[in-house]
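Take a look at the model below.

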Amino acid sequence: MKKIITIAGSNSQKSINKNLLCYSKGIIENIEIISIDLNDFVLPIYGVDFEAENGIPTAVKRLDRLFDTADGFMISLAEHNGSYTAVFKNTLDWLSRVNTKVWREKPMLLMTTSPGSRGGATVLQAASAYFPYMGASITDTFSLPSFYDNFNGAEFTNEDLKEEIQFKLQKFQTKVKS
Ligand SMILES: Cc1cc2nc3c(=O)[nH]c(=O)nc-3n(C[C@H](O)[C@H](O)[C@H](O)COP(=O)(O)O)c2cc1C
């Protein structure tokens with residue numbers, strides 16, 4: 001069976017991006033899903049001097065090996081000050097030291113949500129521009145704006161957005177399975 005990895009770009013216990021991923025996982029059929037919580041991969045802040053002195057942390061190698069097994073990635077990024085959260089960027093920087101093609105040329109559905117009306121548009125723009133250089137084959141991007149107005153914690157309350165995410169999830173699944 002094909003396997004996808006899901007990652008929320010947040011270390012919050014109440015992450016709304018984890019919420020969006022949880023909904024999305026419920027739509028996926030006949031694909032194994034490995035959900036990664038960045039809290040399970042606590043890493044030192046990346047620095048060239050730290051790496052020269054200590055090498056690559058075991059947790060990074062563990063994550064990298066997990067990525068080797070993936071047939072696709074479903075990512076939902078939290079936006080902090082118009083960019084990646086510190087925990088996500090730090091993890092990405094470490095992973096890129098093991099393999100610059102972090103995303104392994106596999107299909108990726110790239111999502112974001114925020115309570116604001118721009119719905120993480122800035123971090124989505126940054127990731128969709130740069131992730132292809134890290135080996136991402138982005139099938140679609142999806143932004144869920146005004147999270148609390150459009151999602152009730154388990155289900156979309158906005159029908160247009162629900163239709164959009166379902167279409168994009170189907171397309172992603174087809175790519176992963178092909
Ligand atoms: C330090 C900080 C910076 C933030 N910056 C932004 C921002 O630039 N854009 C935005 O839409 N929301 C911003 N927010 C609000 C987050 O979108 C909100 O906390 C959201 O819940 C984060 O996603 P998460 O719940 O998955 O962690 C910020 C929140 C924090 C704590």
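Which residue in β2 does I5 stand opposite? I5 faces I34 there.

This is a predicted model, in which local features need pLDDT of at least 70, side-chain atom pairs count only at pLDDT 80 or more, and totals for chains, interfaces and linings use all residues. Residues are numbered from 1 along each chain as its sequence is written.

**Strand pairs**

Helices (H or I, at least four residues) and strands (E, at least two) are DSSP runs, numbered from the N terminus. Two strands pair if DSSP finds at least two bridges between them.

| Pair | Sense | Bridges |
|---|---|---|
| β1 (residues 3-9) and β2 (residues 32-36) | parallel | five bridges |
| β4 (residues 106-113) and β5 (residues 136-144) | parallel | eight bridges |

From β1, the chain crosses through helix α1 (residues 16-27) to β2, in a right-handed β-α-β crossover. Right-handed means that, with the strands pointing away from the viewer, the path from the first strand over the helix to the second runs clockwise. In the other pair, T112 has S143 of β5 as its bridge partner. Helix α5 (residues 121-130) carries the chain from β4 to β5, and this β-α-β crossover is right-handed.
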